[in-house]
Amino acid sequence: MAALTTLESLLEMGFDRNRAERAVASTGNQGIEQAMDWLMEHENDPDIDEPFVPPAENVVGGAVEEQSTSEFADTGEEIGGDIINPDGTKRPMTEEEKREQVKRLEELMRFKQAERREREKAEEIEREKTRRKQGQELQQIRQKLQDDDMKKLADLRRKEKMEDKLARQRVKDKIARDREERAQKFGGGTSFSSTPTSQQSPTSPTGQGPPPTKREYDESRIQIRLLDGSTITAVFKAQEPLAAVRVYVQVNGNTPEGLDFSLLSPYPRHLYTELDMEKPLKELGLVPSAVLVVTKIKNEESSL
């Protein structure tokens, strides 16, 4: 029978019986080549070694087997342990003929295995090419995204620097305007501040020493103690108002934005008011040097 022939041939080649029976049934008993192809294609199936239960219609001696038998009958092809002659008679295969049959089938199997390896190798090469191409495209996309992010970050930093520069310039312009306004407002402060000097001149025993010394103090070096305990020092013109010191503290003293504060002279203790802010440093006795303390107005008023 043809089914037995294919099965026995597979068993002779070393295939497991369960796998051989599954291959014969799955290929519809169409011959050894189809069974071998099926085994090589499905050798890694998870259920390949499960017990094989042949389907009900796959019965030995059925129509398929009869068709396969008739196909080989006219050619004298080997079937199982017998050889069908052209006249329809059978004779048993000799051991040498069986070995030749197995050898030929093994060669056929090796050829198909080599052919399959070449096909799998070509497919693997194509998959690798596809993978590399996709990897390159992905890398290009990542690089473009990274470049875009760097460009956005650089633009943001330039914008922040420009805004910071403009803010600093606005502060400088405000200080310059304040100084100009103070200078215009207190333009006659020189004659006023010179009054104490002219009054003090007769009290000096020498009459010549002190006045020249006082006239040399056209600047005042003021040390300012901030709210956090740190100090800053700056030099102001003697005719600048105390408000200029206050503006300097607002810009350089790290005081919280919107905080209302005033300036305090620790010795002798004196809290400067808004009226004092309009007076020149020389008039307030803060020339040639002085120490001022930044204090919160609310706290100072409660302490008073």
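Predicted model: local features only at pLDDT ≥ 70, side-chain atom pairs only at ≥ 80, totals over all residues.

Biologist: Fine. How many helices and strands are there in the chain?

Modeller: The chain has 10 helices and 8 strands. It runs to 304 residues, and 28% of them are buried.

Biologist: And the surface?

Modeller: The accessible surface of the chain is about 21000 Å², with 51% of that belonging to carbon and sulfur atoms. As for contacts with a separation of 6 or more, 59% are between residues 24 or more positions apart.

Biologist: OK, and what does S4 pair with?

Modeller: S5, for one: the two run antiparallel and are joined by 7 bridges. Ile224 has Ile232 as its bridge partner in S5. S4 also pairs with S8, in the parallel sense, over 5 bridges. There, Arg225 has Val293 as its bridge partner.

Biologist: What's in the turn between S4 and S5?

Modeller: The two strands form a hairpin with 5 residues between them. Gly229 sits in that turn with a positive phi of about 95 degrees.

Biologist: Switching topic: how many aromatic pairs turn up in the whole structure?

Modeller: A search of the whole structure gives 1 aromatic pair. The partners are Phe236 and Tyr248, edge-to-face, at 5.7 Å centre to centre and 90 degrees between the planes.

Biologist: Where do those two sit in the chain?

Modeller: Phe236 is in strand S5 (residues 231–237) and Tyr248 is in helix H8 (residues 242–252), 12 residues apart, so the pair links distant parts of the chain.

Biologist: Are they buried or exposed?

Modeller: Phe236 counts as buried because its relative accessibility is 2%, under the 20% cut-off. Tyr248 has a relative accessible area of 24%, so it falls in the partly exposed range.

Biologist: Stay on H8. Which of its residues are buried?

Modeller: Leu242, Ala243, Ala244, Val245, Arg246, Val247 and Val249. Their cover includes helices H5 and H9, along with strands S4, S5, S6 and S8.

Biologist: You mentioned H9. What about Asp276?

Modeller: Asp276 lies in H9, residues 274–277. It is buried, with a relative accessible area of 8%. Its side chain makes a polar contact of 3.5 Å with the side chain of His270. Beyond neighbours within four places in sequence, Asp276 is in contact with Leu242, His270, Leu271 and Leu284.

Biologist: Last one: why does Ala20 count as buried?

Modeller: Because its relative accessibility is 0%. Ala20 is in helix H2, residues 17–26. Leaving out residues up to four places away in sequence, Ala20 touches Leu7, Leu10 and Leu11. Ala35, 15 residues away in sequence, is 7.8 Å from Ala20, C-alpha to C-alpha.

Technical notes:
Residues numbered from 1 in each chain as written. Heavy atoms only, no water. Helix = DSSP H or I, 4+ residues; strand = E, 2+ residues; numbered from the N terminus. Buried < 20%, exposed > 50% of the residue type's maximum accessible area, 1.4 Å probe, protein only. Polar contact = N/O pair within 3.5 Å; in protein donor to acceptor, adjacent residues only side chain to side chain. Contact = heavy atoms within 4.5 Å. Phe/Tyr/Trp six-rings, centres within 6.5 Å; stacked < 30°, edge-to-face > 60°. Areas by Shrake-Rupley, 256 points an atom, 1.4 Å probe, with all protein chains shown as cover. Pairing = 2+ DSSP bridges.
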